[in-house]
Amino acid sequence: MKFVTLFRFTSQGVANFKQTTKRAKDFTKVAKAAGVEINEFLWTQGRFDGMVSFDAPDRETAAGLLLSLAARGNVQTETMSAFDAKGMEKVLAKAD
C-alpha cells in the first residue's frame, strides 16, 4: 500500500531543525526494519514543513510506524493512502 505523509515540525522539532535530515535517515532505518520502504522525503515551504512517501504492507504497519514517529516529539503528521496509475485503474474499474 502506498502512503503520503505530510508533516509539521513541533516546537521541539524547530528547536532541533539542524537534525532534521539525520532524523529522516534514522526514521528510514526504523521503517525498513518494520517492512516499510521509504520512497522520498521532501522538505517544503508553506502550510507543511515536509512530506514523505512510502510503501507499507498494510495500514496497521503504517499506523504503528507513524505513531512511533509521533512519539519522538519532533513532528505532527497527516497521512493519506495513495494510488499510482496501476492502482487507480483498479479503483476506476470498481467505480460505477
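Helices (H or I, at least four residues) and strands (E, at least two) are DSSP runs, numbered from the N terminus. This is a predicted model, so to speak for every view below: local features need pLDDT of at least 70, side-chain atom pairs count only at pLDDT 80 or more, and totals for chains, interfaces and linings use all residues. Residues are numbered from 1 along each chain as its sequence is written, and side-chain values use heavy atoms, with hydrogens and water left out.

View A. Ile 38 sits in strand 2, which covers residues 37–43. Its relative accessibility is 16%, so Ile 38 counts as buried (under 20% relative accessible area; exposed is over 50%, partly exposed in between, with a 1.4 Å probe and protein chains only). Leaving aside residues up to four places away in sequence, Ile 38 touches Phe 27, Thr 28, Ala 31, Val 52, Ser 53 and Phe 54, where a contact means heavy atoms within 4.5 Å. Phe 17 is 21 residues from Ile 38 along the chain, and their C-alpha atoms are 21 Å apart.

**View B. Phe 3 with Phe 54.** Rings of Phe, Tyr and Trp (its six-membered ring) pair if their centres lie within 6.5 Å; planes under 30 degrees apart are stacked, over 60 edge-to-face, and the rest tilted. That rule gives four aromatic pairs. One of them is Phe 3 with Phe 54, stacked at 5.3 Å centre to centre with 15° between the planes. Phe 3 belongs to strand 1 and Phe 54 to strand 3 (residues 50–55), so this pair ties together parts 51 residues apart in sequence. Both Phe 3 and Phe 54 are buried.

View C. Phe 41 counts as buried because its relative accessibility is 19%, while Trp 43, at 38%, counts as partly exposed. Ring pairs link Phe 27 with Phe 41 and Trp 43 into a cluster.

**View D. The lining of the largest pocket.** A pocket is an open set of points on a 1 Å grid over the protein atoms alone, where a 1.4 Å probe fits, with protein on both sides within 12 Å along at least five of seven lines; lining residues have an atom within 4 Å of a point. The lining of the largest pocket runs to 14 residues, with Thr 20, Arg 23, Ala 24, Leu 69 and Val 75 nearest its centre. Helix 2 gives the largest share of that lining, five residues.
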